[in-house]
Amino acid sequence: MRTIRLGAGAGYSGDRIEPAVELAEKGKLDYLVFECLAERTIALAQAARLKDPNAGFDPLLEARMKAVLPACRANGVRIVTNMGAANPVSAARATTAIAQQLGLRGLKIAAVTGDDVLGDLKNSDRHLDIGCTVDGLGNRIASANAYLGGASIAQALRDGADVVITGRAADPSLFLGPLIHEFDWAMDDWPLLGRGILVGHLLECAGQVTGGYFADPGYKDVKDLARLGFPIGEVREDGDLIVTKVAGSGGRVTAATVKEQLLYEIHDPARYFQPDVVADFSRVQVEEIGEDRVHVIGASGTPKTGELKVSVGYIDSYVGEGQISYAGPGALERGRLAIEIVRERLALSGVETSELRSDLIGSNALHGENLSLGRQPYEVRVRVIGRTETLAEARRIGEEVETLYTNGPAGGGGAWKSAREVVAMASTLIPEADVRTAVQYFEA
């Protein structure tokens, strides 16, 4: 059976660029896939697009494309990415301009659109998972993006695109699209589509499956993490997968790293809902067949639901934060006193918070007082953070922490403050038939 090679060039928006270049140059790939979009990322991108109609795509798109396009062109590697975020068309135009600057003539770039459903969803009575309807958010709603599947990506590849740029697509669908195209999988062959989703799920977070998120010194050791290699999926026409990486790169691919990624963000392994299929991972088998080579089989799938998840971004509130450090004998007690002072000051000045949290980082910030094991830390960092209805009140929280420099316990240093708008996320479902996708082409 025919086999193709897919490389994961990024697992999130700010991921390293060098491993993707290594894949483009040495990975013997057919496709290089960049998964760079999270739920909040696209809401923030929509806000950027409102300020500038040409903005709203991933801020590292230009740096990534400049780094990998020459090697991809030279080695016949096609690129698929969701770096289009809130503006795939502008991202495609920017990529076209980069290709022209690099002298890569004839490069065909596709922009997949249709995930932005804000116009259709705004003011609707569709229920959200936060206990209200979309219209209940009023003018606080900032974005609404449906999770597209792999069909439009496959169409763009069939039309000869060298680079396919989407907005909000389901993460595994970025890898499923090339498989549908290359192997001519039918869109109702549920077992094959389920196997394709498994491929995408294992590769989508890049360095996580090659040991990055796995590493735990002395317990799960991973060598050369500073040069962590990103994964390659060797995918057979029947959906069988071998996970590997570039020889000599840092990290490791083992049955354990693959199993950890297999379970990552999975609620029900037998019912993993995706736009193209409901994937079933419950019978997956994982076997090491060589150094940094893991064979994965056994995924399947059942018919898709006919509905698409929509992530809705909205302005929730404002958050103010202040931090200051204490070190030396008595640091913990001075930190506790600092928190008492700030809380009393906020009450005296009438700052209203719907939520107020205070932590002693290094003592109780993660697991609470009961798990500090009674040890007195040599240093702590005070953090006070609160949720408010106005930006002005949010600023007061950090300002009160800063005043501890001269008005609080002895020896405070490294004060820091911030106040920011909170973009929160909610989810709903819409009929797939209500989402109209399209592909727009550009050529260098």
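**Ground rules.** I number residues from 1 along each chain as its sequence is written, and side-chain values use heavy atoms, with hydrogens and water left out. As the model is predicted, local features need pLDDT of at least 70 and side-chain atom pairs count only at pLDDT 80 or more, while totals for chains, interfaces and linings use all residues.

**Entry on G298.** I found G298 in the loop between β12 (293-297) and β13 (300-302), where strands are DSSP runs of E with at least two residues, numbered from the N terminus. I noted G298 as partly exposed because its relative accessible area is 36%, which falls between buried (under 20%) and exposed (over 50%) with a 1.4 Å probe and protein chains only. Leaving aside residues up to four places away in sequence, G298 touches D280, R283 and V284, contact meaning heavy atoms within 4.5 Å.

**Entry on the largest pocket.** The lining of the largest pocket has 41 residues, of which E39, Y147, D171, E265 and Y272 lie nearest its centre. At least two lining residues come from each of β9 (272-273), β14 (307-327) and β17 (413-431).

**Entry on the second largest pocket.** I counted 16 lining residues here, with T244, K245, V246, A247 and G248 nearest the centre. Both β7 (231-236) and β8 (241-245) give two or more residues to this lining.

Notes: Helix = DSSP H or I, 4+ residues; strand = E, 2+ residues; numbered from the N terminus. 1 Å grid on protein atoms, 1.4 Å probe; cavity = no way out; pocket = protein on both sides within 12 Å on 5 of 7 lines; lining within 4 Å.
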